[in-house]
Amino acid sequence: MWYIAEEAASQGTGSYLMTFLPFILMFAVLYFLLIRPQQKRSKTRTSMLSQLKKGDKVTTIGGMHGTIVEITNDIIVLRVNDATKLTFDRSAINAVVQSSPASE
């Protein structure tokens, strides 16, 4: 008699696992296809923004090309041509086109 009660209890636990298994699998798939790659891109972008220095040729998110002439914690001044300097937030930099040689 007590065998039947234990077997029914263990089957109940298994049925809960089988109920939640599809949700667990969907979360795992979403994590590896969406969340993890986004975290990786965010990490590389943060690294790129922290390594900016004077003389780097960069492109902004809006497509403006320029060379960094001044840099602070959150502001970057780009020289667009010989006479024009524009101020941008550091987060507006999209990519480094050409890195400047190491400063001496």
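Is Thr 67 buried or exposed? Thr 67 counts as buried, because its relative accessibility is 13%; here buried means under 20% relative accessible area, exposed means over 50%, and partly exposed lies in between, with a 1.4 Å probe and protein chains only.

## About the model

Welcome to this structure, which is a predicted model: local features need pLDDT of at least 70, side-chain atom pairs count only at pLDDT 80 or more, and totals for chains, interfaces and linings use all residues. Residues are numbered from 1 along each chain as its sequence is written, and side-chain values use heavy atoms, with hydrogens and water left out.

## The sheet

Let us start with the strands. An open sheet is formed by five strands in the order β4-β3-β2-β1-β5, with antiparallel pairing. At its edges are β4 (85-89) and β5 (93-98), each of which pairs on one side only. On average, and with direction ignored, neighbouring strands of this sheet are turned by 45 degrees against each other.

Strands (E, at least two residues) and helices (H or I, at least four residues) are DSSP runs, numbered from the N terminus. Two strands pair if DSSP finds at least two bridges between them. For the angles, axes are lines fitted to C-alpha atoms, for helices over the stretch in contact, and the values run from 0 to 180 degrees between N-to-C directions.

## Walking across the strands

Strand β1 (residues 57-60) pairs with strand β2 (residues 65-71) in the antiparallel sense, over three bridges. Thr 59 has His 65 in β2 as its bridge partner. These two strands make a hairpin with four residues between them, and Gly 63 in the turn has a positive phi of about 100 degrees. β1 is also joined to β5 by four bridges, and these strands run antiparallel. Val 58 has Val 96 in β5 as its bridge partner.

The hairpin of β2 and β3 has three residues between the strands. Next, β3 and β4 pair over five bridges in the antiparallel sense, in a hairpin with five residues between them. In this pairing, Ile 76 stands opposite Phe 88 in β4.

## Thr 67 and its surroundings

Back to the residue in the opening question. Thr 67 lies in strand β2, and its bridge partner in β3 is Arg 79. Not counting residues up to four places away in sequence, Thr 67 touches Gly 55, Asp 56, Lys 57, Val 77, Leu 78 and Arg 79; contact means heavy atoms within 4.5 Å.

## The nonpolar core

Which residues make up the largest nonpolar core? It has 10 residues: Met 48, Leu 49, Leu 52, Val 58, Ile 68, Ile 76, Leu 78, Phe 88, Ala 92 and Ile 93. The elements that give two or more residues to this core are α1 (2-50) and β3. A nonpolar core is a set of buried Ala, Val, Leu, Ile, Met, Phe, Trp, Tyr and Cys residues joined through side-chain atoms within 4.5 Å.

One of the core residues is Leu 78. Leaving aside neighbours within four places in sequence, its contacts include Val 58, Ile 68, Phe 88 and Ile 93. Lys 85 is also among the contacts of Leu 78.

Lys 85 lies in strand β4 and counts as exposed, at 53% relative accessibility. Lys 85 and Val 69 are 16 residues apart in sequence and 8.5 Å apart in space, C-alpha to C-alpha. Beyond its neighbours within four places in sequence, Lys 85 is in contact with Val 69, Val 77, Leu 78 and Arg 79.

## A salt bridge and an aromatic pair

The structure holds one salt bridge, in which the side chains of Asp 56 and Lys 53 meet (3.6 Å, N to O). The term means a side-chain nitrogen of Lys or Arg within 4 Å of a carboxyl oxygen of Asp or Glu. Asp 56 is buried, with a relative accessible area of 2%, whereas Lys 53 is partly exposed at 28%.

There is also one aromatic pair in the whole structure. The ring centres of Tyr 31 and Phe 32 are 5.1 Å apart and their planes are at 80 degrees, so the pair is edge-to-face. Rings of Phe, Tyr and Trp (its six-membered ring) pair if their centres lie within 6.5 Å; planes under 30 degrees apart count as stacked, over 60 as edge-to-face and the rest as tilted. Tyr 31 is partly exposed at 29% relative accessibility, and Phe 32 is exposed at 52%.
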